[in-house]
Amino acid sequence: MEFFRKIFNQPPSSKAEIAFAWGKELDGMDDVSAIEHATQQLNADAKKDIFKDEQHIESLFAIDEKIHIIVDRITSHYINIDNLSVDLEERIANAVFLYHRQIYLIYNTLIDHLAPFQPQSLIVMLARAINNATQMIKWRFYNYQSAPANVWLQLSKLYLVAEKQSILDSYVRAYPEKEITTLSSAYMQACMLGNLESLSFQRKQIELVSNMLAYWTPKILIQNTYDENKHLFYVDTASDAAAKRIRNFKPLPSYRYWCFDSVNLKIELCLSLIEYNILPKQQEMKDFISHQYAVPTLEILKTEWSRAEYKRQRRSSERAKTSKYASTTYGFEYTCYHIKQHENMRIQRVGKSYQGNKSFDERLATHSLSKDQNGPNVIYLDLGAAQSKIIDECPKGLGMYTNKPASELSLGMLMGVTISDQKDATKIGVIRSIKPVIGNELHIGIELLSTTAFCVEAQNVSVAAAKAKSSAENSSVKNTPIVTRKEFNEPVGFNSGAAETSFTCLYLPREFTLPQHDSMQLESLIIPRLHYNKNDTYRINISGADMLVKFTETLEHHENWLRVIYTQVIERKMATQLS
């Protein structure tokens, strides 16, 4: 102990400046290289055990603050830019995660050595250690990976140090540009973020939730004594686990509890503001409700964290283990393209196989390659398809392994699955879960929407009519005939605007073989979100029959597609006559 007292009484030394001279080298580097270089230097300095006096600690704080700005900047780019190359994404993710890990290890070691002496810098060290551990957790979640091993135990150890020193509820600013918080709140934020690990949020959603927690939790107290009428979540400081909801459990001395009602009220408030289109005065609330993923994220938080609305998700039927390979397409556009190609191939096979009552000589005389007037004889290659392995299945869904990069997957993404021994049938499903597995692969859980979906062409008649009318009024040259359809009492241009208003969608017929909710037993369409307008009229052609429809109900909606129920606004026969 006397040794450490002497350390903190030493006069300032220039050794620290010499030791951290490498910090000046960062100014001429790009962000990623600067982070990588800083990590290497800090690792080397830690091995030399140079962090053992107050002067070196102050220099460490300064260099960490400098690099922290760079790390925050590159993290923001990583979260918000969608088209980074795979190599760059991997390099950024590795560089930033390793930096957070290295600086966390340094602070953790300092805390172990210096906590008994209660230096003034202890609270800042604890705040930065918790912050960097939380960032490591977030970076693992960004790529659908589990939290680092033992990170919850290590965070709990930091919490217990602060508890022992009676500084849990002291206000601290971890970094100059960070909001003032408490160690108790910082610990709670990490634990509640970990509570959402199984939901496989996208990067922007993770950051949104993190910001909400930082803004809404500073005044929430963590308590040692359980109150069943008050507390909703707890954490076991003796286990490597994040926060858990309190459900039929026996309190233990290692448990810590908190009430989350104030956060739930904020979630309800945000959803109400969005519903009634009210703009709040607080800038933070404005940012939250205007976020790209505000509604889906808040709705999930409301379900997961609410006292009343929580419902634990359980499978109603177990999946059976299997092992089969499938061709998979990811996203609405690729899935439609894949189904269209299979339909074209099927048409070609049917056309070639039917020869009527022709003799062998007649069939031989007409045999040729690439002379079909209906189109060229080509081999269709689906460049958007990938190979995946199905490992379990049930009537409701599939589980499969894929080596698709995590950045190219998201919850709610539409998928097409064509099993190797059933090449004429493409199943349509939605990604409901994404989990990391050994071997740098991902396990994705898919809920099936249809096993018999096919592509249909659709056109927004209302928009086409509006474009034709506008063109007729503004142009003196009448190249396109305009007529009025009495059935709709609106002018329609036969050619005008067709390209802009036509689009491909997926038709999902009734399927009683899928034992899901009642909506699976309804005819529905999956359409691009860009073309959706509930008030417009659409012409679609299903199995050769034209019909005019309106969308009456949205069963499901995601970033770029919706599944809708429709109703006819005119009889099929009449619609066919109009086409």
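How many residues does helix H12 have, and how far does helix H12 reach from its first C-alpha to its last? The views below come from a predicted model.

**View 1. Helix H12 and its buried residues.** Helix H12 spans residues 294–305, which is 12 residues, and reaches 16 Å from first to last C-alpha, close to the 16 Å expected at 1.5 Å a residue. Buried in H12 are Ala-294, Thr-297, Leu-298, Leu-301, Glu-304 and Trp-305. These residues lie on the same side of H12 because they cover an arc of only 130° around the axis. An α-helix has 3.6 residues a turn, so residues three or four places apart point the same way. The cover over the buried residues of H12 includes H8, H9, H10 and H11, together with E3 and strand E4 (244–245).

**View 2. Helix H7 and its packing partners.** Residues 151–164 form helix H7, with 14 residues and a reach of 20 Å between its first and last C-alpha, close to the 20 Å expected at 1.5 Å a residue. Its buried residues are Val-151, Trp-152, Leu-155, Ser-156, Leu-158, Tyr-159, Val-161 and Ala-162. They pack against helix H5 (86–114), H6, H8, strand E3 (233–236) and strand E5 (255–258). Just after H7, Ser-166 has a positive phi of about 60°.

**View 3. The second largest pocket and its lining.** The volume of this pocket is about 1,200 Å³. Its lining has 44 residues, and Glu-179, Ser-210, Asn-211, Ala-214 and Tyr-215 lie nearest the centre. Elements giving two or more residues to the lining include helix H4 (54–80), helix H6 (122–142) and helix H9 (203–216). H9 gives the largest share, nine residues. By type, the lining residues are 19 nonpolar, 14 polar and 11 charged.

Terms used:
Residues are numbered from 1 along each chain as its sequence is written. This is a predicted model: local features need pLDDT of at least 70, side-chain atom pairs count only at pLDDT 80 or more; totals for chains, interfaces and linings use all residues. Side-chain values use heavy atoms; hydrogens and water are left out. On a 1 Å grid over the protein atoms alone, a cavity is a set of points where a 1.4 Å probe fits but cannot get out, and a pocket is an open set with protein on both sides within 12 Å along at least five of seven lines; lining residues have an atom within 4 Å of a point. Grid points are joined across faces, edges and corners, and a volume is the space filled by probe spheres set on the points. Helices (H or I, at least four residues) and strands (E, at least two) are DSSP runs, numbered from the N terminus. Ala, Val, Leu, Ile, Met, Phe, Trp, Tyr, Cys and Pro count as nonpolar, Asp, Glu, Lys and Arg as charged, and the others, Gly among them, as polar. The expected span of a helix is 1.5 Å times one less than its number of residues. Buried means under 20% relative accessible area, exposed over 50%, partly exposed in between (1.4 Å probe, protein chains only). Contact means heavy atoms within 4.5 Å. The arc is that of the directions from the helix axis to the C-beta atoms.
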